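Thanks, everyone. Please have the structure open on your screens.

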Amino acid sequence: MDFYTADICDTHGDEVQVLYPLFTNYGKAVKCYGTIETIKLEEDNSDLITLLKTEVENKIAIVDVSGDFCAVVGENLMNFASQNGWRAIIINGYVRDIEATAKIDVGLFALGTCPQKSIHKAEAEQNIPLEFAGVTFTPGDHLYSDEDGIILTTKRVH
């Protein structure tokens, strides 16, 4: 991928939102670009499983998790993401199976790890604006990540 987040910030400063540096990458891919889709979970990752089983091209899943301390993505969901064209998953929450996820060529950015899986109990909300990490994620926005950080734009800039 031929872009650098620092160059995009320099060239398109007013059009760029920079995520707070809260996330650790637990996937193999560091440099990622894609159009975002959003999903808000209440601990239950079953709708996220359905989303990641959907074939896409250059998409990034933005996941906001409400509720208890539990992992909503692990090795199985990362394999779904990889097989179906997802470039990255950014989670305002936790993940597990990180030894395995580190070998899968998808970005997996999360707040941390937790060995406990999610509990299936509530439906998710999809394709809604989400706010966390100092930015507003709107479905259809464009996300870029590299070694310098993660940024968001309303239009493709590379």
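Start with the outside of helix H3. On the face turned away from the buried side of H3, you'll find the exposed residues Asn76 and Gln83. Keep in mind that this is a predicted model.

Now turn to the other side. Which residues of H3 are buried? They are Leu77, Met78 and Ala81, in a helix that spans residues 75-83. Why do they sit on the same side of H3? Because they cover an arc of only 100 degrees around the axis.

What do these buried residues pack against? Two helices are on the list: H2, residues 46-52, and H4, residues 98-101. Strands are there too: S5 at 71-73, S6 at 86-92 and S8 at 107-110.

Look just past the helix as well. Gly85 follows H3. The phi of Gly85 is positive, near 90 degrees.

Gly107 and Phe109 point one way from S8. Leu108 and Ala110 point the other way. Are these four buried or exposed? All are buried.

S8 also has strand neighbours. Take S6. Three bridges join S6 to S8, and the two run parallel. Within that pairing, Ala88 has Gly107 of S8 as its bridge partner.

Then there is S2, residues 24-25. Two bridges join S2 to S8, and here the strands run antiparallel. Which residue in S8 is the bridge partner of Thr24? That is Ala110.

Key: Residues are numbered from 1 along each chain as its sequence is written. This is a predicted model: local features need pLDDT of at least 70, side-chain atom pairs count only at pLDDT 80 or more; totals for chains, interfaces and linings use all residues. Side-chain values use heavy atoms; hydrogens and water are left out. Buried means under 20% relative accessible area, exposed over 50%, partly exposed in between (1.4 Å probe, protein chains only). The arc is that of the directions from the helix axis to the C-beta atoms. Contact means heavy atoms within 4.5 Å. Two strands pair if DSSP finds at least two bridges between them.
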